Amino acid sequence: MDERMGAFRRRGVLAGMAGGAVVLAAPSILRAAPSGKPVKVGATLSLTGFLAQTAVVHKIASEMMVEEINGRNGLLGRPIEYVLLDDQSKPEAARSLYEKLITVDKVDLIQGPYATAPILAAMGVAQRYGKVMIQSSMGIPKLQTYDRAFPATPFGPEPNVTYPNVILDALATFPTPPKTMVVLTSKFPSAQFMAQGMKEQAEKRGVKVLLYLEYESGNRDFGAIAARVKEANPDFLWVGSLGLESNLLLESLRKLDYTPKNHFHLYPAPGPLALSPDGDRALCSTFVEPDEPFLSRPGFKHLADEFKVRAAKANLPYTSIDAQGCGMISEWQILEAGVNGAGSLDDEKIAAWLKKNRVTTVYGSMRFDGPFNHGDAAQLIKQVQNKDWKVVWPKEFAAPGVKLIAS
Amino acid sequence: MAVNPARDLPRLAAVIGIGVFALLPMAKLPAFYDSFLYLVFFWISLSTSWTLLSGFAGYFSLGHAAFFGIGMYATAVLSAKFDVPFLLTLPVAAAIPALLAVGIGAVVFRLRRLRGELFALLTLAVTFVIATIVLNTPIDGGGGIVMSAVPLPAIMPTPTGSIYALGFVLCVGTLAIAWKVAHSRLGMGLFAIHDDEDVAEAKGVPTFRYKLSAFALSAGIAGAVGGVHAMYVGFLTVSGTFELTVPLYVVLMSVIGGSRSWFGPAIGAAFITTLLYAFISGGEAMIGRALVGVILIVAILWLPDGLVPALKKWLARRRPAIAKPAIVHVAPVVATARPLGERVLLQVRGAAKRFGGLQALAGVDLDVREGEILGLVGPNGSGKTTLINVISGFYPLSGGTITIDGAEIGHVPAHAIARRGVARTYQIPRPFVNMTVLDNVILAATFGGPPRRAADIRDEALHWIGFTGLAGKEDVLPAGLNLHERKFLELARALAAKPKLLLLDEVLSGLNPAEVDNAIRLVRAIRAQGATIVFVEHLMRAVIELSDRIAVLNEGKLFALGAPRDVMRDPRVVSIYLGKAYAA
């Protein structure tokens, strides 16, 4: 049975990869322009409110992908009509607007919103109407309990177990592997979830956790925390940070004349940390970067270039495509593959197809047949080198000529 | 019973409206409308609950997110972590914030300095404290609480219908409570507290208890609303629950609709929620938000009192002028003057009042007989107004005793003293500025006098308004009165309480000679009705003409006491106060 499933999966993988490659690589002149009644795809993004800075990246990536897909053959030969609403960064608005999209606007398909709370609010609506919902930013996979909800980012079903081990594997290659560490985390659900996993896995592998500290999300004063880090003086500092928290922490450490030996940051603002004088050799989570070997993936270079142009036009401070933009691209790639693969707009058929087939995305080949519809975990580690982010681990994904550097 | 369109049409509209909205989920409209209307109900309930304390009593709270958030977390924790049925969690979600409000109010409402912006800041701080506790304890701990596994009772055919029904019931319940409060003694007292809390207390309003009741009601409703909303949102985080936008929206909705009106916040909430949903398209999100902001600024600038009061004024202007019914003059309650008796009504013994290092009263002994007019004079700073203030309960005594009819009142709250038959006026009139002349007097009669039917109180109020020469001004706000009329409104309010003892603080100051003559006649008429009067006055002509006895205070002590002409000729009094012998 396992063997048969294995063969079946392999065939699915090959079919999915071949299909994706053909679709992404074929010259547009050879494709038929989509025609007929548009397929309405509805979604909300936090275009206003406290998540708006990130949502603008998603919006750019989404609009880019709608044009891309319509530039090919649309969905089942029909053009996509993207119905985007503003959930104002509020889960209650996300819920009511998904009800609007489904029951009033009568969209054919939906895409997920951004951030865990709006995703969970929207997921309940999707579940009541049996809609497939693909989302890219729910960092706690076990919360995705709806059978037709699919992740567009390869966290894997247990990132709190798998990813800490990726990090510890990388650190183990250092000439002097860390024996002690400090875990700091924002009390943000997905960051805290990963921090607790990091602590547990480190202790299992014999790394002594000298200090585990949680701080309120959005904290601006890291003076006291920095003093405790300096006092602990760990071999490795792991920070479950969001946005500019990492910059603020490193700045506070510098004021104490302390430079952490090795330091990792979970979800920092990529541009500011890379350009910060304190950010050199900082480690960070990623799934893909606009660099080799990823640029060799079908269509990725074109998408990365196009995103840069659009991001510059929208006056974004950091124009390179990052995990947020890639997550949205992946959402559309999965939806396109699911609809065209199932040959239907029927949510049941799309969900069934996705569970049986792999899809080629910017993150590589993804599957959805594991727990919580997650497939393989594909977290990577990147590092700031010469004011730029470079993937450094696992080695096979490292940019050409780039190596993980120990502090 | 005859049909009264002004009374019956709104009731009919309310019944039809409730019926239509109650049955709406049966109409099988797209679920979005259930969901959207739930959010309208949610904001109506929340903003109306806020206005019970902040709009009615003027205690501007920025802490509504705390009570709402406690309700959310009470329901989430009980239902998601302890498997308590969802509906059973709602009373708990209401009770915990209500108890917290009582606890906070029991401390804060005793302190005069914690009014206005300090109260707003304190309630905001409470929000941060509660959020910190929830975040750093197992209540949340930072991971959030997922509600998706909690079963929602099937009140209606669909889940959105059930949530709608719960939101609707809470909304109707909240509006019913707000209506009831606005039309009750509690509401009248809260409106008075809003305008002038100290005067409200002096007129017999139990301000502490009323504020506490309003705060508990406000917080309890917010908690229950939060309980239902936890189910609607599905995933609770501390940052999403205790966010500042909740109180800001609530305040905005109440102010836009009219925060002194029981129905105003509902209009504001419906207006703003609809406005926010009018600009949800991805292409217009930012422009939409900016436009909403501009509309709100314009609304606040043009309609500072809110939409509902503005609409009422507009309707009043459009209504054809109807002939006013003749003012009802009922017979005075005590029609004949009582002779000056020997029974002591007010007894002051060793009355002392200190303000830090300042000894305002340094042991005053004074008896006032029933039916007497006692003139209280003395140089500035001699303690006259302080004595009036300690008798009326505005200040507690630092030492000594004061009794009325033998009952000690030196440490009794002002409202309780008022109910024992002590009424006062203020040197500078302090009417309730947002109440009409009639309502000002009705309030004083309601809280200061003996319990009576509302119709009787109204008739008496009209009588005292006529008695003080203010007939025809019943519907005028105090801002529309001149100083003379405002002074007489003070008298009408005091008289409406049927006082045993009337304390008049420089009621004649600022009046011209003709107005003074009129006022002297009025005070005599009041005494003729049997009241005992203590009055502070600098106008010697009036003091001599009116007083049976004169008490002279100097440096916080009783300096002289006796018949007017004797006291005025006393060389010591001439020396410290008059500068020349008066009426020699």
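This report describes a chain contact, a domain pair and a sheet in a predicted model.

Local features need pLDDT of at least 70, side-chain atom pairs count only at pLDDT 80 or more, and totals for chains, interfaces and linings use all residues. Residues are numbered from 1 along each chain as its sequence is written, and chains are lettered from A and ligands numbered from 1 in the order in which they are written.

Chain B gives 27 residues and chain A 31 residues to their contact (C-beta atoms, placed from the backbone, within 7 Å). On the chain B side, the largest share, five residues, comes from α2(B). Helices are DSSP runs of H or I with at least four residues, strands are E runs of at least two, and both are numbered from the N terminus.

Chain A is assigned domain 1 (2-154 + 293-376) and domain 2 (159-286 + 381-397), with bounds from an automatic or database domain assignment. Their centres, taken over C-alpha atoms, are separated by 30 Å. Nine residues of domain 1 of chain A contact eight residues of domain 2 of chain A.

The residue classes of two of these sides are tabulated. Ala, Val, Leu, Ile, Met, Phe, Trp, Tyr, Cys and Pro count as nonpolar, Asp, Glu, Lys and Arg as charged, and the others, Gly among them, as polar.

| Side | Residues by class |
|---|---|
| Chain B, touching chain A | 14 nonpolar, 12 polar, one charged |
| Domain 1 of chain A, touching domain 2 of chain A | six nonpolar, two polar, one charged |

In chain B, an open sheet of mixed pairing has six strands in the order β8-β9-β10-β5-β11-β12; pairing requires at least two DSSP bridges between strands. Strands β5 (373-377) and β10 (532-536) of chain B run parallel, joined by four bridges, and B:Leu374 stands opposite B:Val534 in β10(B).

Methods: Two residues are in contact if their C-beta atoms, placed from the backbone, lie within 7 Å.
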